[in-house]
Amino acid sequence: MAHLLGAEALHLEFPTKVVFDRVSLGIDEGDRIGVVGRNGDGKSSLLAMLAGRLEPDSGRVTVRGGVRVGVLDQADTLDDTLTIREAVVGDRPEHEWAGDARTRDVIAGLLADLDWDGPVAGLSGGQRRRVSLAALLVGDHEVLFLDEPTNHLDVEAIAWLAEHVKRRWPANQGGLLVVTHDRWFLDEVCNTTWEVHDRIVEPFEGGYAAYILQRVERDRQAAVIEQRRQNLARKELAWLRRGAPARTSKPKFRIDAANVLIADVPEIRNATELRSLAVSRLGKDVVDLLDAAVSYGDREVLHPVEWRIAPGERTGILGVNGAGKSTLLGLVSGDVEPTAGRVKRGKTVKVATLTQRLDELEEHLDDPVRVVISRLRTTYTFGSGSKAQELTPGQLLESMGFQSAQLSTPVKDLSGGQKRRLQLLLILLEQPNVLILDEPTNDLDTDMLAAIEDLLDSWPGTLLVVSHDRYFIERVTDQQYAILDGHLRHLPGGVDEYLRLRARSLADKTAGSSSEANGDAGRPASPAPSLSGAELRAAQKEVGALERRLEKLESQIDAARTALADHDQSDYVGLGAEMSRIAELEKERDGVEERWFELTEQIG
């Protein structure tokens, strides 16, 4: 396999810290390398050195002759005086770029919703990120360096980017190095993982799941990593092996020892216990949206929604930017009033929202971290039952990755990720029973994301999450909904179903536009939904009831299967009765699913 780029004995230090000490590594053709590590350990500095943007204090980087290197920085470097067309394809004539299949693919995948001849000035942060990424991807580069490419991208754009990268850099061509905290993207794209820690770069074979497997085994053999971090890694390994089996790509190393490590690890969450605790804190009524709709002027942003949120429910909300996610969460929190229908709240409901802003910290900027936490309470109880534990403010902060020296640091001097963690802790310590998280993963590295997920695993309340981080959504929630064309829709198939629905919707719109442009010649019109008005609302209500029934039936089937496994194997009559009951439940479930599919097709 041909060598593309190499680094030899790299040494880098800043006035107060040695970042790398004699690091040697290389990139070969077909390498798709993900770089992980704690914030501040040097991931972006490593990328900058390899890309020639930062000179090491000693050592050297060599690039094979003729190899073209492209770089996507975290910084926004777009020229506001340009149009989107000029920023992406420059002054290339239209016949040239329009005739290039790769350029057409990039434009369709990242910029289809933007005005091609519109100005760059005025674009949102996410739109500018997509333009910068498109400008890089249309170029001819053998090696690509991407620094946090998924920042500001939604789930769809991230999925498109993963597919594009895999097609463009197959196993025997080109090279890719990506620094990202997006664990789904790492696992989907990368065949090698580099962990940056303690002034070295340690290579692992495979994507994120394979990296976690090897890291747990490394920690077990070396026994030098602190116990808390090892426990978190074991828990995440259990999730990867049990909760997302499709992710565990088969690496070329033995994983038997790693699997032994999780043989006694319980499920990541005790759903029954958490729901029981949630009911005791909330009662049976949480928040019910009853035909609630929201309009701004003549535009109905959210069509009538029927959604009864249950105690202990853990739900992810998906949708493109501007779809109405914030409006929906505003209805739940009480910050938005419905223009039609009503919102009913339980008497004991206490809602807290983790926003993308850091408002909770504004009044504490000059206070040390320890003081901010201590003002609320002297001890805190986390977990439940036999797992409940009393933590002091210092212990609580250390569990979230704060070192002892940082406990005396003023809030204003914390990094973005540290402020984000402190913000979440302050909200949790107010003891809400309904928690809304709006893009909670911003500025957090993979270890800190795992720590937050571990904390949420023992939090007994109702959780609603909006995030473009697919891994986080699938990890902390048990079901997903999407806002599609103003309608709230349950997604039994999760994020994959959402992406299929969005792809179909975009294809229908494209077909409709082409049909209109061609005077509908030779192209049938897309069928309109067969229901409208009162019938449509009735169907939507029935779909919601069917989804709740499906969830209940699945729980009953799981419980019945567990009871069958525990049943006395010599009691043939009892075993037969249990099996008949399971068959009846499965038959009922199949009927409910068939009706659900029928109605969702009619709703459109």
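This is a predicted model: local features need pLDDT of at least 70, side-chain atom pairs count only at pLDDT 80 or more; totals for chains, interfaces and linings use all residues.
Residues are numbered from 1 along each chain as its sequence is written, and side-chain values use heavy atoms, leaving out hydrogens and water.

Back to the strands. β5 and β6 pair in the parallel sense, over four bridges. Two strands pair if DSSP finds at least two bridges between them. In general, strands of a sheet pair through backbone hydrogen bonds, either parallel or antiparallel.

β5 and β6 belong to an open sheet of six strands. The order is β5-β6-β7-β3-β8-β9, and the pairing is mixed. β5 and β9 (200-205) are the edge strands, each pairing on one side only. Neighbouring strands here are turned by 20° against each other on average, direction ignored.

A word on labels. Helices (H or I, at least four residues) and strands (E, at least two) are DSSP runs, numbered from the N terminus. The protein chain has 20 helices and 20 strands. Of its 604 residues, 50% count as buried. Buried means under 20% relative accessible area, exposed over 50%, partly exposed in between (1.4 Å probe, protein chains only).

Now the helices around that sheet. Helix α1 (residues 43-50) lies across β3 (31-37), β5, β6, β7 (175-179), β8 (192-197) and β9. α1 runs at about 155° to β6. Axes are lines fitted to C-alpha atoms, for helices over the stretch in contact, and angles run from 0 to 180 degrees between N-to-C directions.

Next, helix α5, residues 125-137. How many of its 13 residues are buried? Ten, so α5 is mostly covered. Among the buried ones are R128, R129 and R130. Others include V131, L133 and L136. The cover includes β5 (69-72), α2 (84-89), α4 (101-110), β6 (143-147) and α6 (155-168).

On to a helix pair. The axes of α15 (residues 416-428) and α16 (residues 446-457) come within 12 Å and cross at roughly 5°. The two are therefore roughly parallel to each other; the cut-offs are under 35 degrees for roughly parallel, over 145 for roughly antiparallel, 65 to 115 for roughly perpendicular, and oblique for the rest. From α15, R421, L424, L425 and L428 make the contact; from α16, M448, I452 and L455. Contact means heavy atoms within 4.5 Å. The contact residues divide into six nonpolar, no polar and one charged. Ala, Val, Leu, Ile, Met, Phe, Trp, Tyr, Cys and Pro count as nonpolar, Asp, Glu, Lys and Arg as charged, and the others, Gly among them, as polar.

Strand β14 (residues 351-354) has two faces. A352 and L354 are on the covered one, V351 and T353 on the uncovered one. β14 pairs with β17 in the parallel sense over four bridges. V351 stands opposite V434 in β17.

E439 is not a glycine, yet has a positive phi of about 50°. Where is E439? In the loop between β17 (434-438) and α16. E439 counts as buried, at 9% relative accessibility. D291, in strand β10 (residues 287-296), also has a positive phi, near 50°, and is not glycine. D291 is partly exposed, with a relative accessible area of 25%.

Key
The expected span of a helix is 1.5 Å times one less than its number of residues.
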